[in-house]
Amino acid sequence: KTTSLQLQEEKAKSWQGGFKGSFESLASEGDVLRFKLVYFENDISDKIVSVRGVPATVNPVSYINDGDDTYKGWEFEGFYDNGTSYARTSYSRIRGKNVTRGTDLTSTPSDQFTFSVGTRVEALDLDLGWQAAFLQGRSSVDPTGAVSEDPAYNVHNLYIKWAPKAFEGFEARITANNIFDKDYKRHNSGIRSFARDVRFAI
């Protein structure tokens with residue numbers, strides 16, 4: 001590791017604003033609806049990044065200022081529960097750019113929408129449901145001008161949970177992940193997905 005005496009101090013400014021709401025007894029007595037919407041912006045000036053020399057044994061890691069970055073985005077979360085059935089949803093959209101070079105930040109996450117529904121079978125002490133995540137495809141340009149493409153994908157899971165009232169604190173759960181055996185690469189990592197699998201936990 002080398003000393004980087006020429007570095008400028010990295011500075012960041014951020015702010016966010018939004019609103020949230022909570023309502024009860026809308027469609028049935030005692031049901032609950034909650035939601036939250038947030039917009040945010042983060043500005044980083046003189047961002048510090050590490051640079052590895054070539055070859056690394058001769059030129060070790062050093063640090064440089066990489067210009068100014070900005071992140072803007074918004075997130076939504078919603079939840080509904082009527083005691084027997086419930087649903088959750090979320091959506092996030094974030095955009096990142098190096099404003100000094102005018103290039104996209106490849107580390108910015110893709111737009112993502114999630115949705116889950118479940119139901120409780122009180123007579124059997126069961127809770128079962130479905131979860132889904134949808135990630136939008138994207139393209140980005142790195143500092144060298146190379147364009148990278150991340151295709152869209154969606155993943156679906158099922159779960160069932162048994163928590164018998166007769167055995168307080170006991171819970172058994174079976175989860176089936178990636179039930180359609182989708183083959184995809186996780187955005188920002190390039191790591192291939194796990195194949196369909198079933199997990200049991202107590």
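Visitor: Which backbone oxygen lies 3.1 Å from a polar atom of the side chain of serine 193?
Guide: In this predicted model, serine 193 sits in the loop between β13 (172–177) and β14. Its contacts, leaving aside residues up to four places away in sequence, are Asn178, Lys182, Asp183 and Tyr184. The backbone oxygen at 3.1 Å from the polar side-chain atom of serine 193 belongs to lysine 182.

Visitor: Is serine 193 buried or exposed?
Guide: A residue counts as buried under 20% relative accessible area. Serine 193 has a relative accessible area of 15%, so the class for this residue is buried.

Visitor: Why does leucine 128 count as partly exposed?
Guide: Leucine 128 belongs to strand β9 (residues 126–135). Partly exposed covers the range between the buried limit of 20% and the exposed limit of 50%. Leucine 128 falls in that class because its relative accessibility is 32%.

Visitor: Which strands each supply at least two residues of the nonpolar patch?
Guide: The patch covers about 890 Å² of surface. Leu128 is one of its members, and others include Ile160, Trp162, Val198 and Phe200. The strands that each supply at least two residues are β12 (153–162) and β14 (197–201).

Definitions and conventions. Residues numbered from 1 in each chain as written. Predicted model: local features only at pLDDT ≥ 70, side-chain atom pairs only at ≥ 80, totals over all residues. Heavy atoms only, no water. Patch = residues over 30% accessible without salt bridge, like charges linked within 9 Å, V, L, I, M, F, W, Y side chains within 5 Å. Areas by Shrake-Rupley, 256 points an atom, 1.4 Å probe, with all protein chains shown as cover. Salt bridge = Lys/Arg side-chain N within 4 Å of Asp/Glu carboxyl O. Helix = DSSP H or I, 4+ residues; strand = E, 2+ residues; numbered from the N terminus. Buried < 20%, exposed > 50% of the residue type's maximum accessible area, 1.4 Å probe, protein only. Polar contact = N/O pair within 3.5 Å; in protein donor to acceptor, adjacent residues only side chain to side chain. Contact = heavy atoms within 4.5 Å.
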